[in-house]
Structure formats: C-alpha cells, structure tokens
Amino acid sequence: MSKIERVGISLEPELLAKFDALIEKQGYPNRSEAVRDLIRARLEQEYLADTSADAVAAILLIYDHHLTGLTAKLTHLQHSHLLHIITTTHVHLDHHNCLEVIILKGKVKEIQSLADRMTSLKGVELSRVNIMSAVGA
Ligand code: NI
C-alpha cells in the first residue's frame, strides 16, 4: 500500500447516521475502510464502462442437461473462446439440473458476448455474470 493521506469530509448528520448503521451491519471496523471500498467500487464501475477494458469474470449457469445438444453447445462456445477461459466447475444439482461456473478473463465486451450467447441457449434457465476489474482500483 502506498502512503496514506488524510482527508476530511462534511456530511449531514442524518446521512452520516445512515452510513454508520450500514457499515456496522456490514462489519466494517471503521469509516475509513468503508469509504475506501466505496471509492474503489465507483472507480471500478467507471473502468468497466469501457467495454475494451481488461476484466475477469464468473459466469454462472443453471441448465437442464437432458436437453438435447445443450451441453455440447455450451462446450463448443467455451472451446471457441478458449484463450479466455481460466477454469470451469460443474455441479450436478439434481436429476435434471446442473450448475456450471465458468471463470474467464478478457475484454469486458468479449465476456459479455460469451455470457449472452450462453444465456440465450434453449435450456439455460438462469444465468449471472459478474465482471470485475482485472487490475484492481
Ligand atoms: Ni450435471
């Protein structure tokens, strides 16, 4: 960590009380750590708004593996984006449903494109994509 600079900010008491209640609920040890995280999150949001930015991501899919051809289509999509895939984890949830977590890296737009193509396949019932800055903030 680089040198720390101290800053003072002015807040309305009501806003500060809400902030303190929130960070206490979340378990922050102090306001400084909470404010640092807020700033990092906002900077990351700005960074990821550039779709050519480098990022890491987790795509989560829940799908019915009985649907003909779906598993092969998902595998094909991953092979065609092989350079970006770091790892995948497959969990058999019950007789029908599988959870697949695909961890990958690449440009924001490439990650979103792959996630969109997987999500739109027939048989994929739920999906989430969580994209984060690969370089921190
Ligand atoms: Ni399975």
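Tutor: Let's start with one residue. Leaving aside neighbours within four places in sequence, Ser133 is in contact with Glu44, Tyr47, Leu48, Asp54 and Val56. Contact means heavy atoms within 4.5 Å.

Student: Where is Ser133 placed?

Tutor: Ser133 is in strand 4, residues 124-133. Helices (H or I, at least four residues) and strands (E, at least two) are DSSP runs, numbered from the N terminus.

Student: Is Ser133 buried or exposed?

Tutor: Ser133 is buried, with a relative accessible area of 12%. Buried means under 20% relative accessible area, exposed over 50%, and partly exposed in between, with a 1.4 Å probe and protein chains only.

Student: What kind of model is this?

Tutor: This is a predicted model: local features need pLDDT of at least 70, side-chain atom pairs count only at pLDDT 80 or more, and totals for chains, interfaces and linings use all residues. Residues are numbered from 1 along each chain as its sequence is written, and side-chain values use heavy atoms, with hydrogens and water left out.

Student: How many helices and strands does the chain have?

Tutor: The chain has four helices and four strands. Along the sequence, their pattern is α-α-β-α-β-β-α-β. The radius of gyration is 20 Å, well over the 14 Å that the globule rule gives for 137 residues, so the chain is more spread out than a compact globule. That radius is taken over C-alpha atoms, and the rule is 2.2 Å times the number of residues to the power 0.38.

Student: What share of the residues is buried?

Tutor: Buried residues make up 24% of the 137 in the chain.

Student: New topic. Which residues coordinate the nickel ion?

Tutor: His90 (NE2), His92 (ND1) and Cys98 (SG) coordinate the nickel ion, at 2.1 to 2.3 Å. Donors are N, O and S atoms within 2.8 Å of the metal (3.2 Å for Na, K and Ca); water is not among the atoms, so sites may look incomplete.

Student: How are the donor residues spaced in sequence?

Tutor: The spacing is H-x1-H-x5-C. His90 counts as partly exposed, at 35% relative accessibility. His92 is exposed, at 63%.

Student: And where is Lys122?

Tutor: Lys122 is in the loop between helix 4 (108-119) and strand 4. Lys122 is exposed, with a relative accessible area of 70%. Lys122 and His90 are 32 residues apart in sequence and 18 Å apart in space, C-alpha to C-alpha.

Student: What does Lys122 contact?

Tutor: Leaving aside neighbours within four places in sequence, Lys122 is in contact with Leu67 and Leu70.
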